[in-house]
Amino acid sequence: MVKTKFRRAATVVVAAALAATSLAACSGSDEKATGSDGDGGATNITFMVLGASQEANDYLAKDAIPKFKEETGIDVTLQSSDWGSAFQKITTAAASKQMPDVMILGSIWTAPLAEKDALLPLDDYVAKWADKDQIFPIMLEDGVWKDTQYSVPYGGDLRAPIYRKDLLEQAGVDVNNLPTNWKELEAVAQKVKDANVCDSPIWWGIDKSIGLQQGFAQLMLQNGAQYWTADGKANFNDKPGKEALEFLVSTFDKGLSDYNLVYSGNGPRPLVAGQAAIGLGGMTEFANAEENDPSVKENLLVGPAIAGPSASEGSVAAWINKLAISKDSKHPDEAWKFIEFMLSKDGMSGFDEVYGVLPARADLENEDWLGGPGKALMEVAKSAQSQPPHPGMMQFGKEINQLLEPAVRGTQSVDDTLVAIDAKLDSFKG
C-alpha cells in the first residue's frame, strides 16, 4: 500500500442538491440538459452532489451558481443522490453515456471509475491550474490512478480518536493524557468498563453498512499495514494486518466493545447517545451532537493519533473526497472552469463551510468558521493516511465486512479470517 499523508483532512457531513430529479432525467440525450442550448442560449453543465442539506441547497442555488454564471456565462443544473446509491447511479449512467458533467466522488471511487473509462483525464487542466500550488500535494495525489490525474480534492472524511470527556472523567481517566498506542487505548477502555459508565467502552463504527470494515481499516493504517504486495497480491495476512485484527477481536473478547451496538444511521450516534466513550470519527460526530443533543458537543474530545505495535508513529485515517468530470462530457472546458471556481479560495471556503468539510487548500487553514473541533481535527490530520486506490475497492468493503463479522463474534479464528480476506481480494476480476 502506498501511504497517503496530508496536512489537512475533511469530514463530509456533506453535500447538497437542489433538484429532486434522478440522474437519468437530468442528463443524457437532451442537448439542453447536457450543456448546449440549441437556441443559442448559455452553455449548461450538470453537477451531481451527494447528500441533502437545506443550507447547502441555498448556498449553491442562491450564491455559488449565480456568481459562477455571472463570471462565466455558464449555467449549472444540479442533480442529487444519497451517498448509498450514488456509485451505482454513476456506473449505470457511465454505461449509457449519461453521466453528469461534474460530480462529487467518494474517496475510493476514482480508481473503479477510471478503470471503467468513465472519467476524463485532468492532467492538462491541472498543469495549467493557477491554484494548484495551494492544494495539499498528497491530497491531489489521491486522485491519481495509473499515473493519470482523474479527480481533484475538495476535502475528506477524517477518522480520528474521539472521546466522551465526561464519561472518561467519571471513570477516572486523565483526559490530558490520552492514548497514543493500542496498549494505552486498551487500558483506558478497561477503566471505562470497570466504572460501568456506558454500554460499550469502544465503538468501532459498526452499522448496517460497512462500518466494521472501516474500523478494521483504521487499525490497519494505524499499524502500518500494507494492503497489497509489490506484485499486487492481497497482504492482509501479513504481521501488521494480523496484529490489527487480533487487537480488534480482543476488544470484543474482553468486553471492551459490543458487536450488538449497531448504529441504525438515524438519531444520535453511540458517542453522542452516551452508549460508548471511545470512537473513531470526525466532524460528523460534532454535527450529530449539534443535531441531536447540543449539550454533548462540549464533551466530545479529539485525541492524538494512535500507533499500533508495528508502526513507527501514530496516524489517523482519511477518506478524501473529490470532484471529477465525465469522460463523455460535451463541455469539458466549461466543466473544468466550474471546478476551478468551486476550488478557488473563496469558492472552497464557502463550499466547505456549508458542507461541514475541512478545506484542501493551505491558504484556508485559519478560517474562523472551522471553530475549535475543526482546528483540533486539522491538527491531528497532519498524520492522516488514506486507503490505497484499487478498482475493486467498492466491492471489497462489503466483502471484508462480511468476513470480519464471524471473527469479532468468536466463531472464526483471526488466521482463517485473514486467509479468507486475501483469497477473496485476489479473486477479484474487475
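## A partly exposed tyrosine

Tyr-259 is partly exposed, at 28% relative accessibility. Buried means under 20% relative accessible area, exposed means over 50%, and partly exposed lies in between (1.4 Å probe, protein chains only).

This is a predicted model, where local features need pLDDT of at least 70, side-chain atom pairs count only at pLDDT 80 or more, and totals for chains, interfaces and linings use all residues. Residues are numbered from 1 along each chain as its sequence is written, and side-chain values use heavy atoms, with hydrogens and water left out.

## Overall build

The protein has 18 helices and eleven strands. Both are DSSP runs, numbered from the N terminus: helices are H or I with at least four residues, strands are E with at least two. The radius of gyration is 22 Å, close to the 22 Å from the globule rule for 430 residues, so the protein is as compact as a globular protein of that length. The radius is taken over C-alpha atoms, and the rule is 2.2 Å times the number of residues to the power 0.38. Along the principal axes, the C-alpha atoms fill a box of roughly 70 × 50 × 35 Å.

Of the 430 residues, 56% are buried. Take contacts (heavy atoms within 4.5 Å) between residues at least 6 apart in sequence: 77% join residues at least 24 apart.

## Aromatic pairs

A pair of aromatic rings is described by the distance of the centres and the angle of the planes. A search of the whole structure finds 17 aromatic pairs. Rings of Phe, Tyr and Trp (its six-membered ring) pair if their centres lie within 6.5 Å; planes under 30 degrees apart are stacked, over 60 edge-to-face, and the rest tilted.

One of the pairs is Trp-228 with Phe-396. It is tilted, with 5.8 Å centre to centre and 50° between the planes. The pair links distant parts of the chain, 168 residues apart. Trp-228 sits in the loop between helix H10 (211–222) and helix H11 (239–253), while Phe-396 belongs to helix H17 (residues 393–408). Trp-228 is buried at 11% relative accessibility. Phe-396 is buried too, with a relative accessible area of 2%.

## Back to the tyrosine

Which ring pairs with Tyr-259? Phe-252 does. The centres are 6.3 Å apart and the planes lie at 35°, so this pair is tilted. Phe-252 is buried, at 9% relative accessibility, whereas Tyr-259 is partly exposed.

Elsewhere, ring pairs link Phe-47, Phe-68, Phe-338 and Phe-341 into a cluster.
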